[in-house]
Amino acid sequence: MRHIIFDMDGVLIDSEPEYQKRTRKYIRSLGLELPEEMYDLICGSNLRDSYQLLRNRVSGFEVTYQEYVEGKLELLRKEPLDVKGIADKELYPLLQYLKEQKYHIALASSSPKDRIVSYLEELGVLDFFEVIVSGMDFKRSKPDPEIYFYTLSCLHVSAEQCLVVEDSTYGIEAAKAAGTVVIGKKDQRFGYDQSRADYLVEHLGQVKEICEQLEKK
């Protein structure tokens with residue numbers, strides 16, 4: 001099993017709390033207040049899905065999709081993420097280990113492609129990834145498994161021979177529906193259901209341990 005696919009937000013970088021801060025600012029700029037559970041539902045979804053969720057469930061949320069996207073992106077431009085500061089401390093040694101062990105490494109994230117590439121470049125890890133896929137390129141994003149079926153096809157590997165590292169309910173559901181072996185990175189802050197993950201880890205260093213265990217089987 002020498003193929004592995006990573007999610008980005010919540011896995012490589014602890015970005016969800018930062019996204020939530022900016023989402024709260026944007027929603028409040030519209031004169032609206034959301035219940036806490038609504039912010040949890042948004043976690044792990046892409047811009048299109050989170051917009052639709054707000055349109056369907058929040059009274060008074062009447063902006064267009066384009067206005068929503070521009071509003072969110074404007075906040076990120078004004079308050080860019082400290083990507084290196086929120087990266088998992090074991091990211092670099094894990095990627096180096098995987099490279100040395102001849103793993104084929106991919107990334108499948110709900111974020112826009114340009115943001116993914118920008119963050120990986122800022123972290124200095126872009127060259128580790130053979131395949132980079134954005135959920136924005138599909139009609140249905142996570143929890144739909146389409147993004148994982150596509151990434152598997154790019155890697156030319158069967159689902160049973162591939163590890164996926166995810167954190168959110170949506171991501172874990174998508175990876176399991178695609179038939180992969182799923183490592184869930186523990187996070188209890190946003191009401192995630194991680195019960196379907198095959199393994200649970202506190203940090204990325206433990207992914208190496210799981211890889212070593214599976215190699216012995």
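**Exercise 1.** How much space lies in the largest pocket?

*Solution.* The model is predicted, with local features needing pLDDT of at least 70 and side-chain atom pairs pLDDT 80 or more, while totals for chains, interfaces and linings use all residues. Residues are numbered from 1 along each chain as its sequence is written, and side-chain values use heavy atoms, without hydrogens and water.

Step 1. A pocket is an open set of points on a 1 Å grid over the protein atoms alone, where a 1.4 Å probe fits, with protein on both sides within 12 Å along at least five of seven lines; lining residues have an atom within 4 Å of a point.

Step 2. The largest pocket holds about 240 Å³ of space, a volume being the space filled by probe spheres set on the points.

Step 3. Its lining has 15 residues, and Leu73, Leu76, Asp114, Arg115 and Tyr119 are the closest to the centre.

Step 4. Helix α6 gives the largest share of this lining, 5 residues (helices are DSSP runs of H or I, at least four residues, numbered from the N terminus).

**Exercise 2.** Find how α5 and α9 are arranged, and which residues meet.

*Solution.* Step 1. Helix α5 (residues 91-100) packs against helix α9 (residues 205-216) at about 25°, and the axes lie 9 Å apart. Axes are lines fitted to C-alpha atoms over the stretch in contact, and angles run from 0 to 180 degrees between N-to-C directions.

Step 2. Angles under 35 degrees count as roughly parallel, so α5 and α9 are roughly parallel to each other.

Step 3. Leu94, Tyr97 and Leu98 of α5 meet Val207, Lys208, Cys211 and Glu212 of α9, where contact means heavy atoms within 4.5 Å.

Conventions:
Helices (H or I, at least four residues) and strands (E, at least two) are DSSP runs, numbered from the N terminus. Angles under 35 degrees count as roughly parallel, over 145 as roughly antiparallel, 65 to 115 as roughly perpendicular and the rest as oblique.
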